[in-house]
Amino acid sequence: MAACIVLLIACALPALVLGYSTAAGPPACINLTPQHDGTIAQNSTPPYSLFVDTNSVKKGGMVTVTLNATATDGYFEGFLVQARCTKCSTADTAIVPGTFAKYTASDGTIQTMDCLNVTKNSITHTSEFKKKSVMFTWKVPAGYDVSQGIKFRATVVKSLRTWWNTVMSDEISVTTSSCSRSASAMAVVIGSIIASLLLSHYL
């Protein structure tokens with residue numbers, strides 16, 4: 001009987017990585033809390049980082065995000081990453097409806113997830129296989145309110161009872177294409193004026 005109980009527990013543990021062994025469970029979508037009965041988030045500094053390749057992106061643009069274990073021998077088994085609005089009145093729970101994708105199409109360790117029935121607005125693991133790093137992309141929604149900032153937030157699970165939900169990236173600002181074009185056009189105009197002034201000075 002004891003052997004059967006041990007076997008049952010061993011079989012159940014993988015299914016508790018963020019609620020499910022093959023992905024984060026839907027209940028984790030809002031508060032990024034794994035469905036691990038009787039466990040709480042670690043309050044120490046997370047041994048993980050979320051790196052973004054830019055601090056400014058245009059509407060409809062793409063950001064590359066990397067989740068890393070920072071310790072030499074570090075790893076993680078499960079994770080859930082979302083883009084969160086930093087200046088909304090509900091900043092802690094406001095999932096920005098952008099689109100996640102694999103950085104490498106053949107990467108079988110990650111998959112997109114539809115939280116709250118919004119297509120590909122989250123990304124998670126596919127198994128409890130130990131990972132050192134994962135990389136993915138996120139496309140900014142074309143209609144995003146540029147007055148709101150964006151941060152990527154993650155829950156990262158090292159083991160059944162050891163997980164952090166305060167892993168965050170640097171903040172990203174969203175700009176509009178029209179502003180960028182206006183700035184470029186203005187630079188051309190100013191350059192032309194300066195060139196004309198210099199030319200008239202030497203004539």
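**Sheet and disulfides**

Strand 8 and strand 9 (residues 118-125) run antiparallel and are joined by five bridges. Strands here are DSSP runs of E, at least two residues long, numbered from the N terminus. Two strands pair if DSSP finds at least two bridges between them. Cysteine 115 stands opposite valine 118 in strand 9.

This is a predicted model: local features need pLDDT of at least 70, side-chain atom pairs count only at pLDDT 80 or more, and totals for chains, interfaces and linings use all residues. Residues are numbered from 1 along each chain as its sequence is written, and side-chain values use heavy atoms, with hydrogens and water left out.

The pair belongs to an open sheet of five strands, ordered 8-9-6-11-12, with antiparallel pairing. Which strands stand at the edges? They are strand 8 (110-115) and strand 12 (162-168). Each has a single partner strand, so one side of each is left without a neighbour in the sheet. On average, neighbouring strands of this sheet are turned by 30° against each other, direction ignored. The axes behind this angle are lines fitted to C-alpha atoms, and angles between N-to-C directions run from 0 to 180 degrees.

Now the cysteines. The structure holds two disulfides, each a pair of cysteine sulfur atoms within 2.5 Å. Cysteine 29 and cysteine 115 form a disulfide, with their sulfur atoms 2.0 Å apart. This pair links distant parts of the chain, 86 residues apart. Cysteine 29 lies in the loop between strand 2 (23-24) and strand 3 (48-52), and cysteine 115 lies in strand 8. The torsion about their S-S bond is about -80°, so the disulfide is left-handed.

Are these two cysteines buried or exposed? Buried means under 20% relative accessible area, exposed over 50%, and partly exposed in between (1.4 Å probe, protein chains only). Cysteine 29, at 3%, counts as buried. Cysteine 115 is buried too, at 0%.

The other disulfide joins cysteine 85 and cysteine 88, their sulfur atoms 1.8 Å apart. This link is right-handed, with 100° about the S-S bond. Cysteine 85 is buried at 3% relative accessible area. Cysteine 88 is partly exposed at 26%. With the bonded cysteines numbered in sequence order, the pairing is 1-4, 2-3.

Last, confidence. pLDDT is the predictor's confidence in each residue, from 0 to 100. Its mean for the protein is 80, and 70% of the residues reach 70 or more. Over residues 1-17, pLDDT stays under 50, and the model has 16 contacts beyond four places in sequence for them. A contact means heavy atoms within 4.5 Å. Residues 178-186 also stay under 50, with two such contacts.

Methods: Helix = DSSP H or I, 4+ residues; strand = E, 2+ residues; numbered from the N terminus.
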